[in-house]
Amino acid sequence: MKVALHGLDLTVSPGEVFGFLGPNGAGKTTTMNVLLGFANATSGSAHLFGTDVRQPIARQRISYLPEMTYYYKFLTAEELLRFYARIFRIPKAERERRIDAVLKLVELEHARKRPIRTYSKGMQQRAGLAQALINNPDLLILDEPTSGLDPIGRMKVREIIQRLKNEGKTVFFSSHEMGEVETVCDRVAILHQGELKAAGTVASLLARNETNLEQAFLRIIGFNLNSSSSSCTSSSLLLAS
Amino acid sequence: MHIILAVTGVVILEMIRRKDVYVLLFLTALITLLLGSVNLFGDANIARYLKEVCLTLIWICSVVIAITTAARQIPAEKESRTIFPLLAKPVTRAQVLLGKFLGCWAACALSLALFYVFFCLVSGAREHHWPLVNYFQALLLHILFCGVVVALTLLGSVVFAAPSSTVTIVGVVVMGILLLGRHLHKVALKVGGLAGGFLDTLYYSIPNLEWYDVRDLIIHNWPRMDWTVIATDALYGAAFIGLFLVAAWMRFRRMALN
């Protein structure tokens, strides 16, 4: 039996933007699945704002943006947001105000009454971002939020993350885009083969490895740049913030 | 409750935006109108044959709508992965299941109401007689029947691998109960012994869906039913709905979503 995660011990502080990095199959999505209650950990515990993740109330103050756009294609963006807003018990007047605000933020006002199945990939991703913002969450869990977006789309997502950070929100996101991680993140954690290899501020990680984040990442996961094939020797490196 | 009702609303919206119900309604209306326009040999009893055919069509359509709508709810959520952003909210799997059940049931009830109104207009136009209480009782029992079938199908959808399997198996079970279930007890009495005991056990274990089929009440213009009988049928149906939904929840809550 393959162990997806082993000995992962992480704490994310309020108000920080936390980057969760790792190659494919490292365990990033599994970590998010446990945090969101989609999967149960075989041992250990996970808490959101002090509440066990297995309690539905733990998800009252969070939102989740999946990597792929998983929304009801027969609904319009407006109907989708209204549905999710009803789940959070947002009063009607406040609900409509928030729908208008988030649709304006993600630039989907012009398409709000069209079914999501008619949207382009970028528009669907923006609809996803809108649903992640509708409840004004304190914590956003984003699974590769810029995946599949063009450079303009990626820039807009980075702007939104920065804006959320300025508002004091906590953002926990996984990404393969080292450039954007370096730009927006306060701290990062690097996962490899289910184990935490490094955690700390971007600055300390770069200082320790005397290189850019991408090179540091490859070095930490044991990818040997000098040979023609990769070697996967594990290294355990924990950095204090 | 607001979460359950929110999920219910999405199910009804989906039903309205799919074409299934409209196709069935159109076909039923077309066949009924064609039959209603025929005047065979000046036979005054043609109205009774018309009612029988129309009600049979309505029953077939209701079984199709109930089973096909409910069979795809949970599997479609898993396949399209819309279950993930939904369960990432403060929503439990029980609420999702109840919302899906209420949504499918409400959609069936709305379709049935349309069918019965149409049927009432057509048969009333032929007979010049509108026993509205009888029609209402038949509609009520038919809606209860759909509730049991929807709950059974939802259970099937979390047990079987694909919606097509669920539709086939539940379809066979429901038609089997409707056509053969009522005879099980009689056969058990005739056969006797161990086989009779087995048949009787089966008869009392399955939901006796034939109790909700009161087409003869309308076809032969029988007097209206006693309301206590309908209340008993409602309680009986509610018990089976509860049983199927609890079983479905126990399976769904442990189901891997990937």
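This is a predicted model: local features need pLDDT of at least 70, side-chain atom pairs count only at pLDDT 80 or more; totals for chains, interfaces and linings use all residues.
Select helix H2 (residues 77–87) and helix H4 (residues 121–133) of chain A: their axes come within 9 Å and cross at roughly 25 degrees. Angles under 35 degrees count as roughly parallel, and H2(A) and H4(A) are therefore roughly parallel to each other. Look along the pair and the crossing of H2(A) past H4(A) is right-handed.

Now show side chains. On H2(A), the contact is made by Ala77(A), Leu80(A), Leu81(A) and Tyr84(A). Facing them from H4(A) are Ala127(A), Ala130(A) and Gln131(A). By class, this contact of H2(A) with H4(A) has six nonpolar residues, one polar residue and no charged residues.

**Across to chain B**

Next, show both chains and select the residues where they touch. Here 19 residues of chain B are in contact with 21 residues of chain A. On the chain B side, helix H1 (2–17) and helix H5 (83–87) each supply at least two residues. H1(B) gives the largest share of that side, seven residues. Coloured by class, the side of chain B that touches chain A shows eleven nonpolar, four polar and four charged residues.

**H1 and H6 of chain B**

The axes of H1(B) and H6(B) come within 7 Å and cross at roughly 45 degrees. H1(B) and H6(B) are therefore oblique to each other, and their crossing is right-handed.

To see what H1(B) brings to this contact, pick Ile3(B), Ile4(B), Val7(B), Thr8(B), Val11(B), Ile12(B) and Met15(B). From H6(B), pick Gln95(B), Val96(B), Leu98(B), Gly99(B), Lys100(B), Leu102(B), Gly103(B), Cys104(B), Ala106(B) and Ala107(B). Taken together, the residues of the contact of H1(B) with H6(B) divide into twelve nonpolar, four polar and one charged.

**Confidence**

Finally, colour chain B by pLDDT. Its mean is 88, and 95% of its residues reach 70 or more. For the complex, the predictor gives an ipTM of 0.84 and a pTM of 0.87.

Note on methods: Residues are numbered from 1 along each chain as its sequence is written. Chains are lettered from A and ligands numbered from 1 in the order in which they are written. Two residues are in contact if their C-beta atoms, placed from the backbone, lie within 7 Å. Helices (H or I, at least four residues) and strands (E, at least two) are DSSP runs, numbered from the N terminus. Ala, Val, Leu, Ile, Met, Phe, Trp, Tyr, Cys and Pro count as nonpolar, Asp, Glu, Lys and Arg as charged, and the others, Gly among them, as polar. Axes are lines fitted to C-alpha atoms, for helices over the stretch in contact, and angles run from 0 to 180 degrees between N-to-C directions. Angles under 35 degrees count as roughly parallel, over 145 as roughly antiparallel, 65 to 115 as roughly perpendicular and the rest as oblique. A crossing is left-handed if the near helix is turned anticlockwise from the far one by less than a right angle, and right-handed if clockwise. pLDDT is the predictor's confidence in each residue, from 0 to 100.
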